[in-house]
Amino acid sequence: MLEELHGHTRRVGEVERQAEHAKEAATFAELTASFGGGWAALFVGSWLLAGLVMLPNTAWATVLALLVFAGPFFAVVVVGRRRLARIRARSDEGPRPVPVSCPGCGGQSELLPGQPVRACRYCGGALAADGPALEALIASAQAKLAGEQRLATEQRWRLAAKQGAAPRTDLVPFFVIGGIGGLWVVGAIVATIRVAFVGLGESSVGELALIDGVAVVLSLAVGTPLLRRRRRLQRWRAELEACAAERDAALSHRLDAFAEWLCVHWPGELGGRFIQSAVGYAFLAPRSGAAWALSVAPVAHADHGVEPHLRVLVPGSEGAHLSAAEAVLERAGFRVSAVEGGLVAELEVGGEGIVDSLERAAAQVEALRRGGVLAQLEPSGGQRQ
Ligand SMILES: [Zn+2]
């Protein structure tokens, strides 16, 4: 009996340690995710400010600059500790107690996994868990562990959604070239207006024509790709909206929507590498039920660790349902893999540059819609229109 209790305590101790680890992992992920991009801006801003403060080159200026430099680090520690305390203080459900009746007086008491022996509340006699009760206590500790692990997984998804948005924009080269070109164009307009009102003065017609010609070329060189990009992006959005309307699905362009859907509908693990977005990212999932979800990042750079992708996720563990879905997706050209929690079906978007990739992704979503692929994944088998 005593040996059995010792064995039990060891097993429960091991399970509780694992639950504690999972809880720490969840806490750490939540804390990390709570520091948004504003903090990065604060750090960069403080470095620039520290550089400015240091300019007078006196001892006091250096001290002040160091303080400005150290400020955000200090703030992170203070705010982080406060947030950590708040996360830890949140109500935490303990393991489910197991009811036992006292062999002496018959009164009902409760045992906890870590406390298989106690005194009876009514008669004070010794209450010890027997074989079945010990099993129930282990099951209770394991249920608590499973809960903590699930929470850790969900917080990791939310964190991945915060960190997986890269690259956020592909417009930087447009801004750089457009900024320089814009100055030239403004200069050319001013020069032309001047000539119109004041006359040519010292410059020749040829010079003015050259200045204006370069301005026109610059405008076209920046404007044309920007306009094409805009049109593709609009067509891409329109295709998504058509798909969402047809399947009565919610459309989002944020990774958070994907993470929240996973928390509610995905029964297993899913690696953070799947939770990535880039320009044009879209997430689609039916408003009712959870037969499928579509995650598309048409424009992403593989060298940034993000790959252009179109993925269909089918949650579930039921064999017949999943193999039917697998057949449908493979017929549509997807590479399907079974993971913990369901199916992940992938289609390479590929394409050279943003315009090309958006076009390909739009065509792929259109093919899915017209082929009724998403409809076939739904329980009604595509009857709904
Ligand atoms: Zn009793």
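What is the order of the strands in the open sheet, and what pairing do they have?

Modeller: Before I answer, please note that this is a predicted model, in which local features need pLDDT of at least 70 and side-chain atom pairs count only at pLDDT 80 or more, while totals for chains, interfaces and linings use all residues. Residues are numbered from 1 along each chain as its sequence is written.

The open sheet has 6 strands in the order β5-β6-β7-β8-β10-β9, and their pairing is antiparallel. Strands here are DSSP runs of E with at least two residues, and helices are runs of H or I with at least four, numbered from the N terminus; two strands pair if DSSP finds at least two bridges between them. The edges are formed by β5 and by β9 (335–339), each of which pairs on one side only. On average, neighbouring strands of the sheet are turned by 15 degrees against each other, direction ignored, where the axes are lines fitted to C-alpha atoms (for helices over the stretch in contact) and angles between N-to-C directions run from 0 to 180 degrees.

Within the sheet, strand β8 (residues 309–315) and strand β10 (residues 342–348) run antiparallel and are joined by 7 bridges; Arg 311, for instance, has Glu 346 in β10 as its bridge partner. In general, strands of a sheet pair through backbone hydrogen bonds, either parallel or antiparallel.

The phi of Asp 248 is near 50 degrees, a positive value in a residue other than glycine. Asp 248 counts as exposed because it has 12 C-beta neighbours inside 10 Å; 12 or fewer is exposed, 20 or more is buried, anything in between is partly exposed, and the C-beta atoms are placed from the backbone.

I turn next to the nonpolar core, meaning a set of buried Ala, Val, Leu, Ile, Met, Phe, Trp, Tyr and Cys residues joined through C-beta atoms within 7 Å. The largest one has 72 residues, and among those that touch the most other members are Trp 292, Val 312 and Ala 361. Helix α4 (residues 131–163) gives the largest share, 9 residues. This core lies between domain 1 (2–154) and domain 3 (248–377), because both give residues to it; the domain bounds come from an automatic or database assignment. Beyond its neighbours within four places in sequence, Ala 361 is in contact with Trp 236, Val 296, Pro 298, Leu 310 and Val 349, contact meaning C-beta atoms, placed from the backbone, within 7 Å.

How values were computed: Contact = placed C-beta atoms within 7 Å.
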